[in-house]
Amino acid sequence: MTPPPPTRRPATTPGGQASPGSVPGPPSGGPEAPDHPSLRGRGGGRAGDRVFLGLSRGAGILLLIVIAAIAGFLLYRGINAIKVDQGNFLTTAGWDPNGLKPVFGVAALVVGTVLSSIVAMVIAVPVGVGVALFISHYAPRRLAQLLGWVVDLLAAVPSVVYGLWGTLFLVPKMMGIHTWLGSYLGWVPVFNQSQPGAYPRTLFTAGVVLAIMVLPIITAMSREVFLQTPRAHEEAALALGATRWEMIRTAVLPFGRPGVISGSMLALGRALGETMAVAMVISQGFNVTLHLLDPGTSTTIAANIANGFGEASRPVGVDALIASGLVLFVITLIVNGIARWIVARRKEFAGSAA
Amino acid sequence: MAKRIDVDNLDAYYGKTKAVSGISMTVEPRSVTAFIGPSGCGKSTFLRTLNRMHEVIPGARVDGRVLLDDEDLYAPQVDPVAVRRTVGMVFQRPNPFPTMSVYENVAAGLKLNGVRKADLDDVVEKSLRGANLWEEVKGRLKKPGAGLSGGQQQRLCIARAIAVEPAVLLMDEPCSALDPISTLAIEDLMGSLKERFTIVIVTHNMQQAARVSDRTAFFNLEGPGRPGTLIEMDATEKIFSNPGVKDTEDYISGRFG
Ligand SMILES: Nc1ncnc2c1ncn2[C@@H]1O[C@H](COP(=O)(O)OP(=O)(O)OP(=O)(O)O)[C@@H](O)[C@H]1O
Ligand SMILES: [Mg+2]
């Protein structure tokens with residue numbers, strides 16, 4: 001065997017063909033023929049890249065333009081409304097943009113929006129996480145599958161249907177709970193009933209409907225992260241002598257926390273913006289009030305837009321609704337910011353990628 | 001504190017498959033016992049029957065008796081949770097809780113046992129010292145446990161396991177994911193831990209078994225496609241110099257299969 005010429009080719013080549021001890025014999029071509037096709041590139045690839053780059057860049061720019069146009073339109077009309085507002089747009093409790101002397105403000109709407117969503121979250125987060133834990137760690141396989149399927153089904157129900165169900169079925173049934181809460185917990189401001197016995201088309205009922213609507217979001221996302229808990233961490237907890245619930249507390253919940261928070265924030269976003277169901281359930285009013293159990297005192301931004309749009313007899317009426325929509329947008333942004341901050345706060349201890 | 005284990009004719013199943021068959025042995029207190037044997041012969045399975053971790057796998061089941069100082073772990077009135085508090089376990093891959101700090105990791109088992117907050121500091125320090133980790137982590141107890149090196153994480157897991165003062169410590173290939181220096185640190189540690197605990201270690205490393213253990217048990221399959229079983233168990237010097245069974249000698253000298 002002849003020793004190989006010292007510098008026939010670079011020592012490292014793609015495909016690992018170079019072996020120092022043997023003379024390489026490419027199947028075709030002389031010693032100078034480039035036998036590393038992978039280095040040459042396939043002519044067509046670059047053109048494809050360029051076309052795709054152009055398309056995706058164009059799509060991105062188009063999207064930005066569309067968003068900017070929408071934002072500009074909404075801001076312009078919203079500012080128009082605020083300019084003709086005879087009251088203070090942020091602090092006035094009342095909504096009369098269609099009169100000759102338009103007076104309107106979002107104070108009551110913001111309070112109603114936030115309160116109904118808080119009610120929804122207080123109910124939906126514990127129940128949703130509980131259901132998710134039951135599906136992921138307690139229920140036998142068949143039952144877990146069935147429950148998961150039912151939850152997904154709940155998520156697919158259109159909100160009008162929830163609204164119909166809420167007005168026709170749930171509202172009458174809420175009477176008893178309202179009376180009970182009013183008489184036993186009436187000393188807590190939010191449960192104070194100034195008109196006991198009134199038909200319960202209230203913020204509280206709206207919150208309950210919202211809770212049912214957002215429950216599947218929380219459950220589905222929590223179940224996903226709970227199922228991803230590494231077996232090693234669960235076994236670590238069990239081997240320390242944890243009961244099943246203690247294992248869930250030490251291993252599953254901390255691991256799933258970011259996912260539960262993300263799911264809850266998605267749910268909160270949906271609750272804040274939910275329009276039809278609330279509009280159908282609630283009896284609307286424009287007072288700043290904490291009384292969840294009093295009908296006709298309050299409403300939410302989104303429900304007010306749905307109800308007010310048809311009645312807006314002058315452009316100002318529509319502009320005022322647009323301005324309130326912008327406020328809802330800001331609230332949602334703030335909520336998302338808080339959620340991100342909570343998730344990022346313990347980044348160092350990142351439990352999951354969710 | 002350290003307790004003695006007597007196993008009497010134990011079978012372990014995964015669903016319908018029998019993975020381990022007819023094992024009887026005695027593990028002496030205050031000593032290190034090594035389990036060796038080819039892959040898949042049921043060492044891990046058998047180890048996990050000793051603290052009732054086997055049954056957390058769906059469908060898994062055990063027949064036979066395991067006596068811990070004359071108390072049958074599989075008696076009907078025995079609570080598996082209590083068993084696992086008495087018989088601790090360290091896994092092959094270090095598995096500190098990722099969302100917890102070094103301190104919280106060590107304290108995790110103590111909190112389950114309801115140790116008072118005021119006493120935690122002392123026990124955490126004592127356990128970390130016991131795991132030869134204190135000097136390395138005392139300045140970063142509040143940092144994530146998952147941020148330590150692999151060897152440190154494994155010692156953290158040992159600290160977590162010994163913090164609850166178990167009677168027995170089971171270790172399933174505790175060094176197989178570690179570098180030689182960390183391995184040495186953990187081997188040294190076993191020498192000191194055996195004064196307080198009964199230690200059982202599964203290892204594929206013959207030198208390690210010879211270095212750290214007092215007694216060695218050799219496991220093998222009963223035959224191809226058959227469950228694993230105990231072939232022989234004796235003092236470590238005896239197993240490594242003059243084993244009673246030919247298979248043991250073949251396995252130890254690397255002339256196996
Ligand atoms: N979760 C499980 N479900 C079903 N069978 C299993 C399970 N875990 C292990 N087995 C089977 O049980 C037998 C014994 O496995 P085990 O893990 O106890 O072997 P081992 O001696 O620890 O092997 P190694 O040295 O590779 O760790 C193997 O045939 C394995 O396939
Ligand atoms: Mg194993």
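Mentor: A crossing of two helices is right-handed if the near helix is turned clockwise from the far one by less than a right angle. Keep that in mind for this predicted model.

Trainee: Which hand does the crossing of α3(A) and α6(A) have?
Mentor: Helix α3 of chain A covers residues 107-138, and helix α6 of chain A covers residues 203-227. Their axes lie 6 Å apart at an angle of about 35 degrees. The crossing of α3(A) past α6(A) is right-handed.

Trainee: How many nonpolar residues are in the contact of α3(A) with α6(A)?
Mentor: By class, the contact has one charged residue and nine polar ones. The nonpolar residues in this contact number 23.

Trainee: Which helix gives the most to the shell around ligand 1?
Mentor: The residues around ligand 1 belong to chain B and include B:Gly42, B:Lys43, B:Ser44 and B:Thr45. By class, this shell has seven polar, four nonpolar and one charged residues. The top contributor, with three residues, spans residues 43-49 of chain B: helix α1.

Trainee: What share of the residues in chain B is buried?
Mentor: A residue counts as buried if 20 or more other C-beta atoms lie within 10 Å of its own. Of the 257 residues in chain B, the buried share is 48%.

Methods: Residues are numbered from 1 along each chain as its sequence is written. Chains are lettered from A and ligands numbered from 1 in the order in which they are written. This is a predicted model: local features need pLDDT of at least 70, side-chain atom pairs count only at pLDDT 80 or more; totals for chains, interfaces and linings use all residues. Axes are lines fitted to C-alpha atoms, for helices over the stretch in contact, and angles run from 0 to 180 degrees between N-to-C directions. Helices (H or I, at least four residues) and strands (E, at least two) are DSSP runs, numbered from the N terminus. Ala, Val, Leu, Ile, Met, Phe, Trp, Tyr, Cys and Pro count as nonpolar, Asp, Glu, Lys and Arg as charged, and the others, Gly among them, as polar. A residue is near a molecule or strand if its C-beta atom, placed from the backbone, lies within 6 Å of it. A residue is buried if 20 or more other C-beta atoms lie within 10 Å of its own, exposed if 12 or fewer, and partly exposed in between; C-beta atoms are placed from the backbone.
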